[in-house]
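Dear colleague,

Please find below the structure that I am handing over to you. My notes on its aromatic rings, its core and its surface follow.

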Amino acid sequence: MATPPVAPSQAAAGGNFEAPPPPAMQPPGTDMTGICFRDQLWLNTYPLDRNLIFDYFALSPFYDWTCNNEKLRMQSIHPLDISQLSKMTGIEYMLSEVMEPHLFIIRKQKRDSAEKVTPMLAYYILDGSIYQAPQLCNVFAARVGRALYYISKAFTTAASKLEKIGYVDTENESETSEPKGGKEAIDFKEVKRVDHILASLQRKLPPAPPPPPFPDGFVPPTTEADKEPENQQTAEPQPPAVDPIIDQGPAKRMKF
């Protein structure tokens, strides 16, 4: 006949074997920024002030039960008593900033001596909700990642627009390449036509009148060519100076 199974508590009471010890409390994780804790029942019962805020924080999953503050609580000493915490070493929590009753900032730190502490993490209680503050390196990484995303997006947009502009420019160049060649030929013919018109007008116009005489008493400036012997001055008269516009007209221009 089979005997019914015996419960572990009955077996432990009977002395057959000892009951297993309760599992030890695990320390909270390092990155718990995605967690928010709020106990509305506690908030409806007790006020949020600097005397009771640590008891409320101890209810959250951010609390490390192996800290020095818990040891002081077990000794019926206020867990934020700095005179007692400075005599201990290990993990502890300190209330760093207070704006009652809305904002409380609790800093987790490791104490090596009475004067040497190393900050580890920070938590803030905002209107009864407890959060873990992100680390500075994570904030910089998130901001830099967001900036790089928008910069790369801007370059991608600019590159796509430049590709469209270049495509349109190449089409315009291909369309206007032939008219440009035609314009050059037309300009060349236009130059020859204008030269022919100017030459015909030159033949129809009378010769240029002589320059007016100098007024009385005016002495024209002398040059080195004028400083010659008097016998050369009495020689045959020199032809008039060549007009740079009429006598060197279109017929004498450079041919293209």
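How many aromatic pairs does the structure hold? The structure holds 15, where rings of Phe, Tyr and Trp (its six-membered ring) pair if their centres lie within 6.5 Å, and planes under 30 degrees apart count as stacked, over 60 as edge-to-face and the rest as tilted.

Please note that this is a predicted model, in which local features need pLDDT of at least 70 and side-chain atom pairs count only at pLDDT 80 or more, while totals for chains, interfaces and linings use all residues. Residues are numbered from 1 along each chain as its sequence is written, and side-chain values use heavy atoms, with hydrogens and water left out.

One of the pairs joins Phe62 and Tyr123, which is tilted because the ring centres are 5.3 Å apart and the planes stand at 50°. Phe62 lies in the loop between α3 and α4 (68-74) and Tyr123 in strand β3, so this pair ties together parts 61 residues apart in sequence. Helices (H or I, at least four residues) and strands (E, at least two) are DSSP runs, numbered from the N terminus. Phe62 is buried, at a relative accessible area of 0%, and Tyr123 is likewise buried, at 1%; buried means under 20% relative accessible area, exposed over 50% and partly exposed in between (1.4 Å probe, protein chains only).

Tyr123 also forms a tilted pair with Tyr93, at 6.4 Å centre to centre and 50° between the planes. Tyr93 belongs to strand β1 (residues 90-99), and the two residues are 30 apart in the chain. Tyr93 has 0% relative accessibility and counts as buried. One aromatic cluster takes in Phe54, Phe57, Phe62, Tyr63, Trp65, Tyr93 and Tyr123.

On the surface, Val144, Leu148, Ile151 and Phe155 form a nonpolar patch with about 420 Å² of accessible area together. Accessible areas come from the Shrake-Rupley method with a 1.4 Å probe. Phe155 is found in helix α6 (residues 136-204) and counts as exposed, at 60% relative accessibility.

Definitions and conventions:
Patch = residues over 30% accessible without salt bridge, like charges linked within 9 Å, V, L, I, M, F, W, Y side chains within 5 Å. Salt bridge = Lys/Arg side-chain N within 4 Å of Asp/Glu carboxyl O.
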